[in-house]
Amino acid sequence: MAHSQDAARKVDFGQQAKAEVRKILDTVKADKRNSLTAPEGKLVCDAYGIPVPKEGVAKSAADAAKLATGMGFPVVMKIVSPDILHKTEAGGVIVGVKTAAEAEKAYDTILANAKKYKADAKIEGIQVQQMLLGGTEVIVGSITDGSFGKLVAFGLGGVLVEVLKDVTFRLAPATNADALSMLDGIQAHEMLNGVRGGDPVNREALAEIIVNVSQLVSDFPEIVELDLNPVFATKKDAIAADVRIVVDFDYKPKPAPRSNEEIVTAMNRIMMPKAVAVIGASAEAGKIGNSVMKNLINGGYKGQIYPIHPKADEIMGIKAYKSVKDVPGVIDTAVFAIPAKLVAAALTECGEKKIPGAVLIPSGFAEANEPALQEEIVEIGKKYNVRLMGPNIYGFYYTPANLCATFCTAYDVKGSAALSSQSGGIGMAIIGFSRSAKMGVSAIVGLGNKSDIDEDDLLAFFEQDPNTTIIAQHCEDLKDGRAFAEAAKRVSKKKPVVVLKAGRTSAGAKAASSHTGALAGNDKIYEDVLKQSGVIRARSLRQLLEFARGIPVLPTPKGENVLIITGAGGSGVLLSDAVVDNGLSLMAMPPDLDTAFRKFIPPFGAAGNPVDITGGEPPITYVNTVKLGLTDDRIHALILGYWHTIVTPPMVFAKNMVEVKNEMKAKGIDKPMVASLAGDVEVEEAAEYLYQNGIPAYAYSTELPVEVLGAKYKWARGAGLL
């Protein structure tokens, strides 16, 4: 079927196309099969505008010769049998058949081979197919992922797909823009542009196949795997030579998530409660229930606190109650500090009291091989509509309400970064780093086993939280990857979303699965879907923390041109490498600007980009060159490489840079600036001073400042601000 005949049938396939596919799938189901035959696959492709070669099924040798002559030689001949999936292995494929006589002979050979391979195989005939010559072999397919659901895949086809695994994924259904981005998303994308005088492929034809496949698997969820391999892509068109479709009629897509409105209503009461109950409150130091009480009181929480204890009359000077049901007022959040086996009964009482949120600190659930205990509390949560945070968590902080609902140390540095972690250890690292770096946070949240509340719930809350400007999340798995991706796509348009996905490698994945029953899945899927959703992916814990701290400090750039000004040639080279590694664009220096910079630097310095002012220069050289960089409209971001010298000591440099920045800001010029400081220990204080004054700066690193700038750019591009 030619590509052009098909152009009229665009993405919303009509009732007729759907009815044709439904009829084929019904036949497969009635036969209790889990895959389609090649002729059935062809009919499905025809219905959904996926071009496949001319073909027919021969029932005799004479039939084969007639079909082959009709479609034009050469042809490929293949066995058609529901019992033989691996046709080549069975000797069931002969390629390059050039004459009618050869077709008759091939028919007999294939039949004999098939009988020898599996004597009782049901044989429906021999497929005769137009042989496709030339073009680039690619693969278009679809898989069904436990977390993300339907995904469409694209890569180089043929044998190479197994070896190189150079494949890219997007959520299905994919848009035309998604499909075109997939063509550029594989490492070997240059191959598609034509190599060594070869023709480029027809990008639109390929994109159309990707879109149509993604629509097909979305319309028919029971199609769990689909392979078009190879697809021959030429200058003229793209045709799928082989179709493999696997079905599972028991497959059930994940139920639709709660509505955003419902999530936000509950999360607002949990995160900003007017009253908190502490179940298992204790007066005894060293007990978790005691730490939670201390943190609520010492953290400065102004709402009502209700200690719940079976015997005590008061705890830490506050009246205690035997059960939440005995509390006269309304309770918004209950923090649990009791053993796992007692949680279900207390949670039921919270349900009867209509408390919207339970913060479950206790461990001893799914992570400790007690899935039944966890299932029980999930059912109670559903029955009474109590949202569950945890279990197996450190609790959470929400600083605008002075709320420390946790057994960790109280935290009071207010700011606009909201962080979450699936692991308690990582949560402690977040708290420590934030305190040490004086990074203000709006929230730090533990998610643990994610029996209910997960990253998407937090995204919905922080999206509308006026106290939060950036969201950074550590996760080992995404319970519902599709729901997360859809939320992230929406939120990242307004606020940066940074994700550190643990379990990138197979070894890390094993650690993740033993850690909280999380399975890391294929990291390439996470990589591509997070990118499709506008998420900035952190590669390490340090990067997650640095991005959370640095992205909000930097103004949004107005263009792609980055300039490096450095006092050390060595730093300039490493900074240039980092610019390329982080997807930034080193501006080509216009001659007039080159001349302007040369006025300020010694004759043996190097203009161009990086601008190397050399090490022996007084503070005024840094001031003049940075001022020029900020005032010229063609430059959109500055990277400073400082070298510690006696002529320009670290704090002198830092104070000068802040002065220049502030002077320009007063004139309405505000560009992102980051700095790398090479020198003795005094550069640490200078870097801290720069950071506190709006210039993310790092001692001893040329990579970190550029990574932070690169992350800001990634977000700005994804949010359509560039």
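Let me start with a definition: a residue is buried when its relative accessible area is under 20%, exposed when that area is over 50%, and partly exposed in between, using a 1.4 Å probe and protein chains only. By that rule, 56% of the 722 residues of this chain count as buried.

A word on where this comes from. The model is predicted, so local features need pLDDT of at least 70 and side-chain atom pairs count only at pLDDT 80 or more, while totals for chains, interfaces and linings use all residues. Residues are numbered from 1 along each chain as its sequence is written, and side-chain values use heavy atoms, leaving out hydrogens and water.

Now the overall picture. The chain has 23 helices and 30 strands; these are DSSP runs numbered from the N terminus, with helices being H or I of at least four residues and strands E of at least two. The C-alpha trace spans about 95 × 80 × 40 Å along its principal axes. Let's call two residues in contact when they have heavy atoms within 4.5 Å. Among contacts between residues at least 6 apart in sequence, 70% join residues at least 24 apart.

Let's zoom in on Ser571, which sits in helix H18, residues 569–581. Is Ser571 buried or exposed? Buried, with a relative accessible area of 9%. Setting aside neighbours within four places in sequence, Ser571 is in contact with Thr566, Ala678 and Thr702.

Most residues other than glycine have a negative phi, and most peptide bonds are trans. Yet Lys354, not a glycine, has a positive phi of about 60 degrees. You'll find Lys354 in the loop between helix H10 (340–352) and strand E16 (357–360), and it is exposed, at 67% relative accessible area. Thr614 also isn't a glycine, and its phi is positive too, about 70 degrees. Thr614 lies in the loop between E27 and helix H20 (619–631), but this residue counts as buried, at 13% relative accessibility.

And which peptide bonds are cis? One runs from Ala172 to Pro173, with omega near 0 degrees. Pro173 is in the loop between strand E7 (167–171) and helix H6 (176–183). Another runs from Asn609 to Pro610, with omega near 5 degrees. Pro610 belongs to the loop between helix H19 (591–598) and strand E27 (611–612).
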